[in-house]
Amino acid sequence: LGKVQIESLIARGGVAEIYLGTHTVLQRKVAVKILREQYEDDPNLLERFQREAVVVSRLRHPNIVQIHDFDAVEGHPYIVMEYVEGEPIYKYCAANKLNLHDRLRLLSRVCEAVAYAHQRGVIHRDLKPANVLAPMDESAAPDAVPEIKILDFGLARITESDTGMTSYHTE
């Protein structure tokens, strides 16, 4: 798909599917979000999909997944983003039996990322444990609390802000 060699399906959402791939130029693993075919003719959804790529690509925070590219091949739009190997935060917390202090540290990281997005006029609107990943880090100390990553800004609401972005609503 363009410059990405698709390898396997990672997840299936309401309007898009996420695949693991390798960016052939950058030579790194990436996640590719592909709009499902039945939605490709919906101009509002196409606009929202592209807006997600543009808006999130402007957010530079260690706890927000990074967008690398947006493109379309033969009318099939897709977003290329940072691949995060990990698991949803609720599974991570259950498997690692985190104490209250460590759970609060994770929540604090989520809050910092959300506050950063809000300061730039972006409201997530679908923030839930399934959209927060705890990356696997083999080099981290066994008791280390991971740097989480917030995903899926597809329902994001963009507000007027000091960054000069215009108002955008997805109802």
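Let's start at one residue: Gln27 is exposed, with a relative accessible area of 58%. On the cut-offs, buried means under 20% relative accessible area, exposed means over 50%, and partly exposed is what falls in between, with a 1.4 Å probe and protein chains only. Gln27 sits in the loop between β2 and β3. Its phi is near 55°, a positive value in a residue other than glycine.

There is another case. Glu74 has phi near 50°, again positive and again not a glycine. Glu74 is in the loop between β4 and β5 (76-82). With a relative accessible area of 76%, Glu74 is exposed.

Now the ground rules. This is a predicted model, where local features need pLDDT of at least 70 and side-chain atom pairs count only at pLDDT 80 or more, while totals for chains, interfaces and linings use all residues. Residues are numbered from 1 along each chain as its sequence is written, and side-chain values use heavy atoms, with hydrogens and water left out.

Next, the overall layout. The protein has three helices and 10 strands. These are DSSP runs, numbered from the N terminus: helices are H or I with at least four residues, strands are E with at least two. From the N terminus, the order reads β-β-β-α-β-β-β-α-α-β-β-β-β.

Some totals. Of the 171 residues in the protein, 42% are buried. The protein exposes about 9,600 Å², and carbon and sulfur atoms supply 51% of that. Areas come from the Shrake-Rupley method with a 1.4 Å probe; for residues, only the protein chains shown count as cover. Then contacts, meaning heavy atoms within 4.5 Å. Take those with a separation of 6 or more: residues 24 or more positions apart account for 54% of them.

On to the sheet. Five strands form an open sheet in the order β1-β2-β3-β5-β4, with antiparallel pairing. β1 (4-12) and β4 (67-73) are at the edges with a single partner strand each, so one side of each has no neighbour in the sheet. The twist averages 30° from one strand to the next. Angles here run from 0 to 180 degrees between N-to-C directions, and axes are lines fitted to C-alpha atoms, for helices over the stretch in contact.

Look at one pairing in detail. β1 and β2 run antiparallel and are joined by seven bridges. The pairing rule is that DSSP finds at least two bridges between the strands. Ala11 has Ile18 in β2 as its bridge partner.

Now charges. How many salt bridges does the structure hold? The count is nine. The criterion is a side-chain nitrogen of Lys or Arg within 4 Å of a carboxyl oxygen of Asp or Glu.

First up, Glu17 and Arg36. Their closest N and O atoms are 3.9 Å apart.

Next, Asp152 and Lys33. Their side chains meet in a salt bridge at 2.9 Å, N to O. This pair links distant parts of the chain, 119 residues apart: Asp152 is in the loop between β9 (149-150) and β10 (157-158), and Lys33 is in strand β3. Lys33 is buried, at 8% relative accessible area. Asp152 is partly exposed, at 30%.

Then a pair within one helix. Asp102 and Arg105 form a salt bridge, with closest N and O atoms 3.3 Å apart. Both are in helix α3 (residues 100-119), three residues apart, which puts about one helical turn between them. Asp102 is buried, with 13% relative accessible area. Arg105 counts as partly exposed, at 33%.

Last stop, a surface patch. Leu100, Leu104 and Leu107 make a nonpolar patch of about 310 Å². Patch residues have over 30% relative accessible area and no salt bridge; nonpolar side chains (Val, Leu, Ile, Met, Phe, Trp, Tyr) are joined within 5 Å, like charges within 9 Å. Leu107 lies in helix α3. At 46% relative accessibility, Leu107 counts as partly exposed.
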